[in-house]
Amino acid sequence: MAVVLAACGFHVRGTASLPFETIYVPNATAGIALYIKRNIAAGTSTRVVDDPKGAEAQLQFNEESRRKEILSLTSAGRVSEYRLIYRVRFRVADAKGAEFLAPSTVTLTRDMTYDDTQVLAKEAEEQLLFRDMQADMVQQIMRRIATAQTPKS
C-alpha cells in the first residue's frame, strides 16, 4: 500500500517553508489575523514575534469583510437563495516597506438556500458556512505567503 501511495505522488503535508525567519502579525487577537498567527506558529518553522522591530516580515491585513447578498427570489418576492461573500486583503512587507508579497485580495463565495420558516436553522447554517470559509481562507493565505519572494534591495 505504501508503494502505491508513494508512486502516485501522495505525501503527508509537512511544515510550510516561508521565505523569512520571523514575522509580526499586528492585532492578532481575533478574526483571520489570529488564525493565521496560530497557523504560522504551528505549521511552519517561522517564529511569530510580538514586536515589529524584531520581525523580518510583517503581515498586514487591510480588509476583512463578510457580506450576504440576495441571489434569487421566489415568485412571491421572498428570498430563496443568498450568496455569502468573504473577502480579505493583505500584504507581506519588511520593516522598510519592501514587499515580500504585493497587496493581494482573496474572495470566497458560497451559495445557500433560504427558507423563512426555518430562520434559526438557516442562521446557524450561515455561521457554519462563514466558519468553513474562514478555514479555507487561512489555507489560501498560507499558500500565497509560502510563494512570497525576498524583496530586492
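**View 1. Salt bridge between Glu-99 and Arg-91.** Glu-99 and Arg-91 form a salt bridge, with the closest N and O atoms 3.3 Å apart; the term denotes a side-chain nitrogen of Lys or Arg within 4 Å of a carboxyl oxygen of Asp or Glu. Glu-99 is partly exposed at a relative accessible area of 34%, whereas Arg-91, at 17%, counts as buried; buried means under 20% relative accessible area, exposed over 50% and partly exposed in between, for a 1.4 Å probe and protein chains only. This is a predicted model, in which local features need pLDDT of at least 70 and side-chain atom pairs count only at pLDDT 80 or more, while totals for chains, interfaces and linings use all residues. Residues are numbered from 1 along each chain as its sequence is written, and side-chain values use heavy atoms, with hydrogens and water left out.

**View 2. Salt bridge between Arg-89 and Glu-63.** The structure holds 9 salt bridges, and in one of them the side chains of Arg-89 and Glu-63 meet at 3.6 Å, N to O. Because Arg-89 belongs to strand β4 and Glu-63 to strand β3, the pair ties together parts that are 26 residues apart in sequence; helices (H or I, at least four residues) and strands (E, at least two) are DSSP runs, numbered from the N terminus. Arg-89 is partly exposed at 34% relative accessibility, and Glu-63 is partly exposed at 25%.

**View 3. Salt bridge between Glu-125 and Lys-122.** Here the side chains of Glu-125 and Lys-122 meet in a salt bridge of 2.9 Å, N to O. Both residues lie in helix α3, 3 residues apart, and are thus separated by about one helical turn. Glu-125 is partly exposed, with a relative accessible area of 29%, but Lys-122, at 11%, counts as buried.

**View 4. Aromatic pair of Phe-61 and Phe-90.** The structure holds 3 aromatic pairs, and the rings of Phe-61 and Phe-90 have centres 6.4 Å apart and planes at 50 degrees, so this pair is tilted. Rings of Phe, Tyr and Trp (its six-membered ring) pair if their centres lie within 6.5 Å, and planes under 30 degrees apart count as stacked, over 60 as edge-to-face and the rest as tilted. Phe-61 is partly exposed at 23%, while Phe-90 is buried at 0% relative accessibility.

**View 5. Aromatic pair of Tyr-82 and Tyr-114.** Tyr-82 and Tyr-114 form an edge-to-face pair, 5.3 Å centre to centre with 80 degrees between the planes. Tyr-82 lies in strand β4 and Tyr-114 in the loop between β5 (99–113) and α3 (119–146), so the pair ties together parts that are 32 residues apart in sequence.
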